[in-house]
Each structure stands twice: as structure tokens, then as C-alpha cells.
There are 2 protein chains.
Amino acid sequence: MKALSKPKRAATIYDVARLAGVSIATVSRAMRGSDLVTAETREKVRAAAEELSFTPSRLGRSLAEGRHAANGIVFPHLVGPYYAEVLLGYEEAAAELGRSVLILATQGRTDATAQVLELAGRVDGMVVMGRTVPDEVVVELARHGPPLVLLAREPVGDLDTIRSENAATARELAAHLVEHGYRRVAFLGDPDAHPDVADRFAGLAAGLEAAGVRLPPAIRCAFDVDAGQAAAEALLRARRRPEVLVCANDEVALGVHLAVTEAGLRIPADLAITGWDDVMAARFVGLTTARQPMRELGAIAARWLHDRMVKPTGVPVRRQVLPTQLVVRGSCGTHEVKAGGS
Amino acid sequence: MKALSKPKRAATIYDVARLAGVSIATVSRAMRGSDLVTAETREKVRAAAEELSFTPSRLGRSLAEGRHAANGIVFPHLVGPYYAEVLLGYEEAAAELGRSVLILATQGRTDATAQVLELAGRVDGMVVMGRTVPDEVVVELARHGPPLVLLAREPVGDLDTIRSENAATARELAAHLVEHGYRRVAFLGDPDAHPDVADRFAGLAAGLEAAGVRLPPAIRCAFDVDAGQAAAEALLRARRRPEVLVCANDEVALGVHLAVTEAGLRIPADLAITGWDDVMAARFVGLTTARQPMRELGAIAARWLHDRMVKPTGVPVRRQVLPTQLVVRGSCGTHEVKAGGS
DNA sequence: CTGAAAGCGCTAACAG
DNA sequence: CTGTTAGCGCTTTCAG
């Protein structure tokens, strides 16, 4: 528990210059390995810097260079594996490009816009996810802020946008469910809460309709296990329950799983369910779901952003929709041949 | 796809001052709601700022104020629910305190130290987790860098340190396993990789020893499902396998679960297992584990850090070990009364 | 209440 | 190769 004493004030480039007997310009050059400095001078400077344990001020440097060397990313929430994975991909790619990462979770805070604007002032570029801020703010940001990349949301203006596929896979899921013979299908989740969910709902409805099955309005529900569980409990008390419940994501589906199991019913016999995301728990409960490349979403966003920052102009608008893979397990019904799974 | 035109250069305080016909000092005051400005002047400034869509430069301001208004946090990795939860708690608390957060995952990168130092230059305070950087670096940082809080690692010097309990709960687990009648216990995970794991291993060993059971050396294994699965597959091929496998965390345990199940064996009959962290999947596979307050770890770290930044001196050294709760489910053996679980 | 001016710490011309 | 000198954009005395 030895005390760690602090010096009164951090050394500046002036202190080093004085101690080394050179000008601040030389110190600046030496510190950044410019080759316009003699080996001898460089060594003098190094020694002085060492002596004073000098670390260049990031603020001074950034102000002079006119750049932050940092990227931002705006999440709606941070709960659950989805965001963690996206962040992982983003951080990794950004770090490789030598940039620091600032993170913001709006969490439905009322001052989300202000926070995002604040973030915009701290970075050279940022990615904005889902429904974190209204479109107007995105437009405003695009006009006056640093380069932007949109992630998991509808494009706005001519901004680069990276998403993963939803509708087509949802149709595929619909077809699969119809093949199982289900006619009473319900969707659990809030399409208004997230663009991805809206697409899943729409795709499911379209797919079912193509088979002559009508999808009733979505049963609204938040994005977590508890919400799914509560919603399912209510549903199980109803007279006429659906045969299969398509959930907005895995966490909701897992909540349903809990409710069904605790009610002494079986999946898929009494109620079939499907999720979305293929989180770790999904494979363990045999949940039919869809796997999207979450890490890659983050990584691509980071790289695109980098391109925009390096060459703010000239790069054509980029839009990409990464493919999503349906993962069929046991929760949606019994299959002759055990498909997918690991 | 309307083009969003950018102005050549962002407006500065000088532009606003000129347009409003006042000095930059007045603009500065007006922008920050100082009461040394007439309502009339304030309005003139507001209008000019609006007109130019002026946003004060964070860099200029920070340099002048001598502070970043940002916090950092250093993670070893970002994979898995544990880090996501800690981050969640941290971000939330930091945001409430009006601070931006910078995140860094060292991921075993070779330049981890350099990255951490770089981060230190961008924040007014930061938390350092687990084995991200060597102790010397922590000491160096404590001496010359911004305020520090240590999270999930051994204390260093007189730095505030927040952790969760490991050893005592591991002893408790040991006692429970002994009660089940197990004598052949093995530990799967690398105690050298993380202070928490070292404590769990030590606690388990101590607890077993107290009951006259000897714990063999840990079976080293990385922290993820795949590593756990691979290790378990090897173990299952061995002549004489343990009765119970205590895993460093849930992900490793889930990997073991997979291996055991795929080998056609049953848990706990053929091999009992336990994990640590109580991740979402754990409850679904009935994994006996230990629950630690991950979000709270992050939140407390953020708050302590804030105290240090506000009052760099005078606050006594704080050390806290948050309690961990053993969650007994079915994977460690059969219980008369179904305990815990949700 | 408002303005002038001195920094904050560093980079980058521009001269030598 | 090295030093001088402007800034970068804002806050903050210090005068008025």
C-alpha cells in the first residue's frame, strides 16, 4: 500500500525543450520520429522526456492537427449478446486502424439527441445504430457533423448503411412453418421498436400470406427475457393460443420458453417457438432461430467509416445487407432429419 | 438519396462573435448560460450561433479547461456476457455523471501497454480490469496518469479496487460437492489468466482440502465454449475421468456440456459440472454456477472514479469485494428439493 | 455587463 | 537539421 506520489503538473513540450536545450519544434519532431532530427539530438530529447516522464498532450495535438483520432458508436442499449458482438467487431476493427473508440448507449434517455451531438464533437466519425435518434438528427449530423455510417437501420440521405438481412429470411422461416402445417402463427415483439424487427415482421407476414396464412397484428413486447416470459404467460391463459410463436429475438423466445416450460407444457408439441440472433443459449434449448453476422456488422461499419474519414469525398455511397442464416432446431417442430444445430 | 452538402468548415466562436457583433468572450459566456450576459445579448448570440449552426469545439474547450470530460475503461476482452454487463453498468453510471466513455479491449494485443497509455491521455480517469496490463504499468499510470480504479484484479499501491468475491463462494461450492459425495474433482480453466479464476481455484482447493479431498492441478483451458468443449472431449477419452468438473466460468462449462451430451453421456450422472457467472444460457441447461453482480461492478467503478476526479485527494482508499451467490441447479448432482434456479 | 488578451500544448509552415 | 512563429478554438482573468 505504498503511496504513489503525483507530480504537481504534467510536463509539457516546453519543459522538455528547455531541459534538452532545443526548441519545442525539435521536441515535437523527435517525439514523433521525424527523420529531420539528428540521432544525437533525438537522444537528448528522449532522455529529457524520459527524465520528466513527458507524454504529449492528446488535446494539444488533436487541436493542432484538427482531428481526434477517435471513432464513436451509438447503441440503443447494451443489454444482451447482440450489442456486445457488434461492439466487439467495431472495437477490434477500429483499434486495428489505430483509432480510439467512444461508446454511447442512449437507453431511451430523453436527452439522447444531445448526447449524440456531444459524441459527434469528440470523434472524427461515428456509427449510429437502429432507432437511437430521429431521422432529423441523423440528417443534421450528416450535414454538420463528422462522417457517419448507419448500422441496422434504414438508410437516410446518401449515408453508407450496413445491415443484415431480415425480410427474406423471415419469409423462409414462414415457409418452413407452413410446411410444419401450422396455420395459427403469431409474432411476439414490437416492430416499431427496431427497423430489424419491422422487417422480420413484414417478411413473416408476406411469407405466410403467400401460403394463404394470415398473420395477426404483432403482440407488442420489449426485447428481453422477462418481457417474453410475461407476454407468454398472458398468452397461455388465453382460450385459443397460436400453434407457433415467432419471436422478435432469442431473448424474447427464451422468455417464452420459460413460461411454457413452467406451465408444464412442451415445446414444440404444445407451442412451437422461434427466435432470432442465435445467441449462446439458443443452441442449448434447441431454439430455431436466425443467425446474423453481428461482429461483421461492427467491423464493416468501422472500416467504411475509416474510408470516409480518410477520403471524405469521392467514395460512392455504400449499402450492404449481410446475409442471415436460418438455423432450424427443434423448437419449431419435429424434423425427420435433425438439421443444423451447432 | 438527396445529397447532404457539407459546409467548407465548421463555424468557430469567432464567426459567431463577428455575426453577432460581440466579442468571443461574450459568445463563450452566452453559450454556456453565464448570467453575466444580458438577455438581449444572449439572444443575439443564440441567433448567430443558430444561423451558423455553431457547435463549440470540444477540443478547444477541453484544452482551455484542462479536462476531457471523459472516462476510460480497459477490458481484456469483449467476448461474452460478463464484459458486456460490466460495460453496461459502467456506461450507465458514467453517462449519469455526464461523462463520455472510451473503451479499450486489449485482447492480448502485444501493444496493450501503449494502447492503455494512449487511452490514459484521452480521459480524466479510467478503470483497468483484470490482467490487461502488467502491474508496473498500473503503477506508472497511477503515478503519472489520471485517477485510476482497479476492477476484478488484485489491488496495486493505494488504488481503489472493486472486485467480486471468489474464494469463499468457491469453498462453499467445494463443500456442496463433497456433500454430493464426490471425491474426484477437477478444475477446468487457467488460474494464471485471470485473478478471479486464480481465487476460484484456490478457494475450491482449500474447501476440498478441508474435507480431505485433494484437488489436482488445474486443467488449463481458454475462456470460451470451444475451449471447454475441446478440453472435455480430451478428458472423456481418458481412462479415469473425474466425477465432477468445476469450470472457470459458464462458457467453459457450457462447452463441456456440449461435449458430454454429444458423447451420449449424461449430466450429472456421468459427469457433474459447475460454472461461474450465471450467464443466460446457464439457467436453461440447469447449470450450477455462481452469480456475481457484474453490472454493479461497473457502476461502482464509475462512481468511485468520479469521486477521485472531483476530489483527487482526501478520499480514503477504497477496497470492496461484492458478494457472490452460489446458484445450485441440477448439473452438479441430484437434489431432493429443487433449489434456486431462476 | 462586455471586451482585450493571455494562455492551454502541440503541429506545421517558413526561415535559416 | 533546427528554431521562430503562427495558429488550432475556447476559457478566463483583468480592465473598463
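In the predicted model, helix α5(A) is largely enclosed by the rest of the structure, because 14 of its 16 residues are buried. From its first C-alpha to its last, α5(A) reaches 23 Å, close to the 22 Å expected at 1.5 Å a residue. The helix is followed by A:G98, whose phi is positive, near 75°.

Helix α5(A), residues 81-96, is also one of the elements at the contact between the two chains. That contact takes 40 residues from chain A and 40 residues from chain B. On the side of chain A that touches chain B, the elements giving two or more residues are α4, α5, β2 (100-105), α6 (112-120), α7 (135-144) and α12 (280-285). By class, this side of chain A has 23 nonpolar, nine polar and eight charged residues. Strand β2(A) pairs with strand β2 of chain B, residues 100-105, in the antiparallel sense over three bridges. Within this pairing, A:L102 stands opposite B:L102 in β2(B).

The arrangement of the chains was examined by superposition. Chain A is superposed on chain B by a rotation of 180° with 0.0 Å of shift along its axis, at an RMSD of 0.1 Å. The two copies are thus related as by a two-fold rotation axis. Of the interface residues of chain A, 98% are also interface residues in chain B, so the copies meet through the same surface.

Both chains also contribute to the surroundings of DNA strand D. The largest share, five residues, comes from α4(B). The surface near DNA strand D has 13 nonpolar, eight polar and four charged residues.

A further residue considered in chain A is A:L265, placed in the loop between α11 (250-262) and β8 (272-274). A:L265 has 13 other C-beta atoms within 10 Å and is therefore partly exposed, the buried class requiring 20 or more. Not counting residues up to four places away in sequence, A:L265 touches A:V260, A:D270 and A:L271. A:L265 and A:G203 are 62 residues apart in sequence, and their C-alpha atoms are 29 Å apart in space.

Terms used: Residues are numbered from 1 along each chain as its sequence is written. Chains are lettered from A and ligands numbered from 1 in the order in which they are written. This is a predicted model: local features need pLDDT of at least 70, side-chain atom pairs count only at pLDDT 80 or more; totals for chains, interfaces and linings use all residues. Helices (H or I, at least four residues) and strands (E, at least two) are DSSP runs, numbered from the N terminus. Ala, Val, Leu, Ile, Met, Phe, Trp, Tyr, Cys and Pro count as nonpolar, Asp, Glu, Lys and Arg as charged, and the others, Gly among them, as polar. Copies are superposed by least squares on the C-alpha atoms of residues with pLDDT of at least 70 in both. Two residues are in contact if their C-beta atoms, placed from the backbone, lie within 7 Å. Two strands pair if DSSP finds at least two bridges between them. The expected span of a helix is 1.5 Å times one less than its number of residues. A residue is buried if 20 or more other C-beta atoms lie within 10 Å of its own, exposed if 12 or fewer, and partly exposed in between; C-beta atoms are placed from the backbone.
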